[in-house]
Amino acid sequence: CNGLRYAIPYETRSSPIYIKDRFVGHSLDFVLGSMFRRNRGMQPIEEAIEHWSSEIDSGRVEIRGRKLSKDDPWEFYRATAKKIIEKGSSVRLQQHVHEKVVPMMENKINVLFENEEWISINKPPGLATIDEQGGCGINSLMTMVGEQLSLSRNNNETNYDGIQKRKLKLTPAHRLDKPVSGVLIIGKSPKKAAKILRVLHQATKGLKETNGVQKVYLARVYRNPESMALVKSQRKASEITKNDLDEVIINDSSIFPDEIITVEAELGWDNRTKRAIVRNDFGTKAA
């Protein structure tokens with residue numbers, strides 16, 4: 001809708017949240033009230049306790065103790081608000097989620113390579129590698145890639161020996177910033193992603209060798225005084241002065257060299273143009 005992808009609000013359970021030892025001996029409602037006080041911790045503790053007492057009584061909080069043995073099922077269960085916390089306890093919360101809208105992909109996400117263990121894609125700009133739901137939200141990049149892979153397999157566009165038609169736990173092996181597009185490697189399970197990450201770290205250590213890995217960012221800039229001053233001075237965007245702007249000549253093609261240069265600048269995101277931008281101290285787009 002209007003170039004945006006929406007998600008209908010839904011209920012979900014959080015991952016296990018382990019309770020620190022300093023809360024041992026306190027009641028469950030006090031512990032949750034202390035851990036999740038609103039307004040950046042400025043919410044009155046009495047108000048926070050009352051809220052979490054209501055959440056616990058309505059069954060939206062589950063707790064489990066420390067695992068006692070190999071045969072211990074270690075299951076979550078509903079408890080009362082005045083349940084006393086023991087060492088090694090953890091909780092699981094029922095959450096009502098409103099996901100942020102994200103740009104709608106006009107075309108398929110470009111898959112660069114795929115095998116049994118991992119997949120590499122050209123990550124679109126404007127999407128976070130990991131969303132607020134830890135990569136499992138409806139509007140997350142991992143969900144979009146998973147939907148595309150499932151559709152592709154159902155249409156028999158790709159078929160790999162030994163790959164069963166099962167739900168993949170796609171996990172990125174590294175990250176790219178939200179405004180950035182580029183190659184992103186995704187493991188088909190958390191273990192496979194961790195394996196790829198170890199390989200990348202080892203290759204990065206051997207950067208001077210032929211098999212080294214290096215992350216390079218390329219930027220396309222507007223030909224305006226701000227961007228030309230940034231390129232000409234090759235200083236930080238925050239250090240560009242009005243004198244730098246006065247010295248540039250808009251028709252001076254020599255300012256933009258043929259070779260790739262490096263400048264240091266803070267990236268932002270322009271929703272109107274769907275592009276990453278650099279803003280300077282004058283409040284205009286520098287690049």
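Mentor: Helices (H or I, at least four residues) and strands (E, at least two) are DSSP runs, numbered from the N terminus. This is a predicted model, where local features need pLDDT of at least 70, side-chain atom pairs count only at pLDDT 80 or more, and totals for chains, interfaces and linings use all residues. Residues are numbered from 1 along each chain as its sequence is written, and side-chain values use heavy atoms, with hydrogens and water left out.

Trainee: How many residues has helix α3?

Mentor: Helix α3 has 13, residues 45-57. From first C-alpha to last, α3 reaches 18 Å, close to the 18 Å expected at 1.5 Å a residue. That expected span is 1.5 Å times one less than the number of residues.

Trainee: Which residues of α3 are buried?

Mentor: A48, W52, S53, E55 and I56 are buried. Buried means under 20% relative accessible area, exposed over 50%, partly exposed in between (1.4 Å probe, protein chains only). Down the axis of α3, the buried residues fall within an arc of 160°, so they line one face of the helix. The arc is that of the directions from the helix axis to the C-beta atoms.

Trainee: What is exposed on the other side of α3?

Mentor: E46, E50 and D57.

Trainee: And what comes just after α3?

Mentor: G59, with a positive phi of about 85°.

Trainee: New topic. Is S120 buried or exposed?

Mentor: S120 is buried, at 6% relative accessible area. S120 sits in strand β9, residues 118-123.

Trainee: Where is N110 relative to S120?

Mentor: N110 is ten residues from S120 in sequence, and their C-alpha atoms are 8.8 Å apart.
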